[in-house]
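Student: I am new to this structure. Can you walk me through it, one feature at a time?
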Amino acid sequence: MGRFWSLLFLTVPILGVGAFVWAMGDLWPLKGHWLPTNINDHGQVIDNLFTFILLLTGAIFVGTGLTLFWFLWKYDGAKNVQPVEYTHGSHTLEVVWSIIPAATLLFIAIYQMNAWADAKMRRPLLPSGQVKPPLAVVTGRQFEWRIRYAGFDNQLGTPDDVEVVNDLHVPINEEVVLNIQSEDVLHSFFLPNMRIKQDVVPGMQQYVWFRANKLGRYDIVCAELCGWGHYKMRGRLTVESREDFDRWLAGAYEAQNKAEFTASTGDE
Amino acid sequence: MSAGEFVRTYVFSLDHKIIGLQFLFSTLLWFLVGGLLALGIRWQLAWPWQDMPIIGRMLFSAEGGQISPEFYTTLFTMHATVMIFFVIIPILAGAFGNYLIPLMIGADDMAFPTLNMLSYWFMWPAFILIGMSFLWPPYGAGNGWTSYPPLSAVWEAAPGSHWPQTLWLMGVTFVGVSSMMGSVNYMTTIIQMRAPGMTMFRLPLTIWGMFITAVLQAFALPVLTAAGFMLLADRLFGTGFFLPESNVVNNSEMATGGGQPLLWQHLFWFYSHPAVYIMILPAMGMVSDMIACFARKPIFGYKPMVYSISGIAGLGFIVWGHHMFVSGMNPMLGMVFMVSTMMIALPSAVKVFNWLGTIWGGRVQFTTPMLFSLAFVSMFVIGGLSGIFMAATPVDIFIHDTYFIVAHFHYVLFAGTAMAVFGAIHFWFPKMFGRMMNENLGKIHFFLTFLFLNGTFFTMHILGAVGFPRRYADPYDFETFRHLQPLNQFMTICAIGMVAAQVVFAYNFFSSMFFGRPCGRNPWGANSLEWCAPSPPGHGNFDFQPIVYRGPYEYGSPEVDTDNYPQWQPPPESARASEDAQHH
């Protein structure tokens, strides 16, 4: 039976790597079972780091898995009649397999820092050197995303602000900054296609930024448990050309004014 | 035996072995409950809003046979609560810690037997409170086992945030008190009550794992308890530790404010990250003992093993922030926590290499406990490596709170710790009950569990790579995730298979208890002290005073002709004479 069990442990690295390769290769039945299309100029670096760690850990996974299999196969007590290696360890080996992983892990950590700073610490600047103001404020509440655009004067809190629900539009090929916040409990603003995620905490202001490079409609996901309707907190993201975006914003402004007008006349 | 005597011997017993078995039976029962809760979650993810066949009407008659979104939040909250607080932590420290510590160090009992008894009985209020919190109509606590405020602090925030959340917090506090009693007891016993000759560096690694775990609990638990009381005060007495100013939840304005929701996360993870190691270090220790025994070889690098356990524990206190990379915490702190988190992978790697080194050049016996131990090593590698993805802050932005993290901690806790626990049950069962478990049934159980667990959990990595969010009652409304349902159905089928496979274990466990092959004192030919006591050991454990002559891993020693060289066996005359000559 030793042979059988050794082979069982051999299947771990084989099937493990197989499943990942299958999914990455976009093959049936795992079509579309990998990172969703990246549409953010700043997202590619995250995908690259993901792949880098995948290859590195994959190598270690295969290496330890094969070693385990080989030792079990070779040193099966039913087959191996040699006396056991009576040893309590090896100082040299311990030093080697401490220093190499330590250096590797430290390297991974340092290698990530720039991407992290770009994603969370270096907010895009205006030509004047000031930080770029947000295009819109996104407010999470149970269970929807309220989106408030600054309007044409680029000033939030003025009468030309445009408010929409769950319908975020952004222009393509522009640095977009969003101010995200929460009105009630924790939520998390997750744009899978942008590789962006930021928890929103009531009482705190958060900023995310991206540069979309592909037209289309995508999902906005809530990634922090916010109550029974957490799974319903779905927003839509539309990436469109600057002209379409301006037209849409003007249209939304019109619609909002018309709705307000009817609402106020309807009261009388 | 009179009724009073029965109660003193088997119910309110002061004997560490009975208390250990009480913990074992209670936790195994909760293991079943936790597993069934998981099946509820899996059902909903595979066939959302479908009636569960046969039992659906019985369980969810109010909803017409389907799981409601409110009940779904209760399901995953309770699954995690039960598995963490009622299964993994108490089965390691409570069951195996209690049973093994005095036996393996050569003591007749724990240092504080009454405190030990109380540590078990303090679990009962927790069982009752969490049980009530689950069954409270209409919906039980549903804020996740992490219970982040304001959701968990504000009554109006969710149906599960009413009384059930208060009961939940009280229940967890009782678990904490129980763990603290155990922790004090284990530390004192290991430091003070070792048999003559049992130096700290002759302790089996199981005991090192238990010892460091006890230290972790002693330092981390007070923080969780304090945080729990603060949250209770926010809920009951109108304080605002975790509630920000002008917070409006579900249309009702909060009277208080000025607090900070992130404070809870810091306090919670300051305990709960070390708790992750509380849930794995004893398992690592037990696996080391089993691997050495069935490779018939000394453990490779005993001292590096001890130092790596200690290293994990020390670093374990400065990595909690890696749960909060995208929480809104200062991103600069994220960098610091990334470095410390990467570093904690190092001692884990050292342990894996040493286990492989132990198998190298041995004569491996493929017994059931050995198979489970090998599975632990093989699976822990997956769980450890997937942790590096989350530790890398930029990558974590994408996979945080997706199924990638769900895959990660199930590989560590189920495919890791639970495998070690199954192995340990098979390994120490003969000592506990004086009978062997059936090897063939054990291997069938192992094979099925191993197969189905990988079917269930490995696929979660792939879901995570798509960004599939956790804690979603129905993710298929999202275009990004719509096509993932077939894979989820495959996982659910595997999960059902995994739970069904446990029937084999339950049958083997109970039938072996009464009809298993009787065994002697040392059926595995092992070296540590528990194997010199009768099986099962009587009150006071040993029928002679064990004296320890050497470390616990002397297998294949050239000094003796036998395969093993137990800790209690005096050296042969010749060796003793030469030793005497050296001393004089």
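Student: Which residues does B:P534 touch?

Tutor: Contact means heavy atoms within 4.5 Å. Not counting residues up to four places away in sequence, B:P534 touches B:K431, B:R521, B:N541 and B:D543. This is a predicted model, where local features need pLDDT of at least 70, side-chain atom pairs count only at pLDDT 80 or more, and totals for chains, interfaces and linings use all residues. Residues are numbered from 1 along each chain as its sequence is written, chains are lettered from A and ligands numbered from 1 in the order in which they are written, and side-chain values use heavy atoms, with hydrogens and water left out.

Student: Where is B:P534 found?

Tutor: Helices (H or I, at least four residues) and strands (E, at least two) are DSSP runs, numbered from the N terminus. B:P534 sits in the loop between α17 (485-515) and α18 (573-583) of chain B. The C-alpha atoms of B:P534 and B:T562 are separated by 21 Å. Along the chain, these two are 28 residues apart.

Student: How do I read the accessible area of B:P534?

Tutor: Use the cut-offs: buried is under 20% relative accessible area, exposed is over 50%, and partly exposed is in between (1.4 Å probe, protein chains only). B:P534 has 22%, so the label is partly exposed. Take B:N541, one of the residues that B:P534 touches. B:N541 has a relative accessible area of 2%, so B:N541 is buried.

Student: What is the phi of B:N541?

Tutor: Phi of B:N541 is near 70°, a positive value in a residue other than glycine. B:N541 lies in the loop between α17 and α18 of chain B. A:D26 is in the loop between α1 (2-24) and α2 (44-74) of chain A. With a relative accessible area of 36%, A:D26 is partly exposed.

Student: Which peptide bond of chain B is cis, with omega near -5°?

Tutor: Look at the bond from B:P137 to B:P138. B:P138 is in the loop between α6 and α7 (163-192) of chain B. In chain A, the bond from A:Q142 to A:F143 is also cis, with omega near -5°. A:F143 lies in the loop between β1 (136-141) and β2 (144-149) of chain A.

Student: Next, helix packing. At what angle do α5 and α6 of chain B pack?

Tutor: Axes are lines fitted to C-alpha atoms, for helices over the stretch in contact, and angles run from 0 to 180 degrees between N-to-C directions. Helix α5 (residues 113-121) and helix α6 (residues 123-135) of chain B pack at about 5°, with axes 4 Å apart. Angles under 35 degrees count as roughly parallel, over 145 as roughly antiparallel, 65 to 115 as roughly perpendicular and the rest as oblique. Therefore α5(B) and α6(B) are roughly parallel to each other.

Student: Which residues make that contact?

Tutor: From α5(B) come B:S119, B:Y120 and B:W121, and from α6(B) come B:M123, B:W124 and B:P125. Five are nonpolar, one is polar and none is charged. Ala, Val, Leu, Ile, Met, Phe, Trp, Tyr, Cys and Pro count as nonpolar, Asp, Glu, Lys and Arg as charged, and the others, Gly among them, as polar.

Student: How do I read a sheet?

Tutor: Strands of a sheet pair through backbone hydrogen bonds, either parallel or antiparallel. Two strands pair if DSSP finds at least two bridges between them. In chain A, five strands form an open sheet in the order β4-β10-β9-β6-β7, with mixed pairing. Its edge strands are β4 (167-171) and β7 (196-200), each pairing on one side only. The twist averages 25° from one strand to the next.

Student: Which strands are joined to β10(A) by five bridges?

Tutor: β4(A) is joined to β10(A) by five bridges, and these two run parallel. There A:P171 stands opposite A:E240. Strand β9 (residues 216-222) of chain A also pairs with β10(A) over five bridges, in the antiparallel sense. In that pair, A:I220 has A:G235 as its bridge partner.

Student: Is β10(A) buried or exposed?

Tutor: Six of the six residues of β10 (residues 235-240) of chain A are buried, so the strand is largely enclosed by the rest of the structure. Both faces are covered: A:G235, A:L237 and A:V239 on one side, A:R236, A:T238 and A:E240 on the other.

Student: How is an interface sized?

Tutor: The size is often given as the accessible area lost when the parts come together. Buried area here is what two parts lose on being put together (1.4 Å probe), summed over both. Between chain B and chain A it is about 8800 Å², with 75% from carbon and sulfur atoms. In this interface, 110 residues of chain B are in contact with 96 residues of chain A.
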